[in-house]
Amino acid sequence: MKYIFWAVVIFGALYSFGHGYFLLKDKNKIGAVGISIVGLAICIIPFWLRLK
């Protein structure tokens, strides 16, 4: 279960940062910053949660 959790967190963060990169290439800076914040939240918030 722990490995599935880590896989979901890493995939979600990488997907968010990748999407932000493509938004930045399309000159949508506000969208890129927003989705990057979501990626950071995906990276940080799971450390506050405990698996039971």
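**Figure 1. V38, a residue of helix α2.** V38 has its place in helix α2. In this predicted model, V38 counts as partly exposed, at 39% relative accessibility. Go 26 residues along the sequence and you get to G12, whose C-alpha sits 9.3 Å from that of V38. Both residues turn up in the helix–helix contact, G12 on the α1 side and V38 on the α2 side.

**Figure 2. The whole chain, before zooming in further.** The protein chain has 2 helices and 0 strands. Along the principal axes, its C-alpha atoms fill a box of roughly 40 × 15 × 5 Å. How does the radius of gyration sit against that of a compact globule of 52 residues? The chain comes out at 13 Å, while such a globule would have a value near 10 Å. As for burial, 17% of the 52 residues count as buried.

**Figure 3. Helix α1 against helix α2.** Two packed helices are described by the angle between their axes and the distance between the axes. Here, α1 covers residues 2–25 and α2 covers residues 29–44; their axes come within 8 Å and cross at roughly 170°. Angles over 145 degrees count as roughly antiparallel, so α1 is roughly antiparallel to α2. On the α1 side, the contact is made by V9, G12, A13, S16, F17, H19, G20, L23 and L24. Facing them from α2 are K29, G31, A32, I35, S36, V38, G39, L40, I42 and C43. Sort the residues of this contact by type and you get 11 nonpolar, 7 polar and 1 charged.

**Figure 4. G20, a glycine in the contact.** G20 is found in helix α1 and is one of the residues that α1 brings to the contact with α2. Is G20 buried or exposed? Its relative accessible area is 4%, and under 20% means buried, so G20 is buried. Setting aside neighbours within four places in sequence, G20 is in contact with A32 and I35.

**Figure 5. K27, in the loop between the helices.** K27 lies in the loop between α1 and α2. Its phi is near 65°, a positive value in a residue other than glycine. K27 counts as exposed, at 72% relative accessibility.

**Figure 6. F5 and W6, an edge-to-face pair.** Searching the whole structure turns up 3 aromatic pairs, and F5 with W6 is one of them. The two rings are 6.4 Å apart centre to centre, with 75° between the planes, and the pair is edge-to-face. F5 counts as partly exposed, at 24% relative accessibility. W6 is partly exposed too, with a relative accessible area of 34%.

**Figure 7. Y21 and F22, another edge-to-face pair.** The ring centres of Y21 and F22 lie 5.5 Å apart. With the planes at 70°, and over 60 degrees counting as edge-to-face, that is why this pair gets the label.

How values were computed. Residues numbered from 1 in each chain as written. Predicted model: local features only at pLDDT ≥ 70, side-chain atom pairs only at ≥ 80, totals over all residues. Heavy atoms only, no water. Axes fitted to C-alpha atoms, helices over the stretch in contact; angles between N-to-C directions. Helix = DSSP H or I, 4+ residues; strand = E, 2+ residues; numbered from the N terminus. Parallel < 35°, antiparallel > 145°, perpendicular 65-115°, else oblique. Contact = heavy atoms within 4.5 Å. Nonpolar A, V, L, I, M, F, W, Y, C, P; charged D, E, K, R; others polar. Phe/Tyr/Trp six-rings, centres within 6.5 Å; stacked < 30°, edge-to-face > 60°. Buried < 20%, exposed > 50% of the residue type's maximum accessible area, 1.4 Å probe, protein only. Rg over C-alpha atoms; globule rule 2.2 N^0.38 Å.
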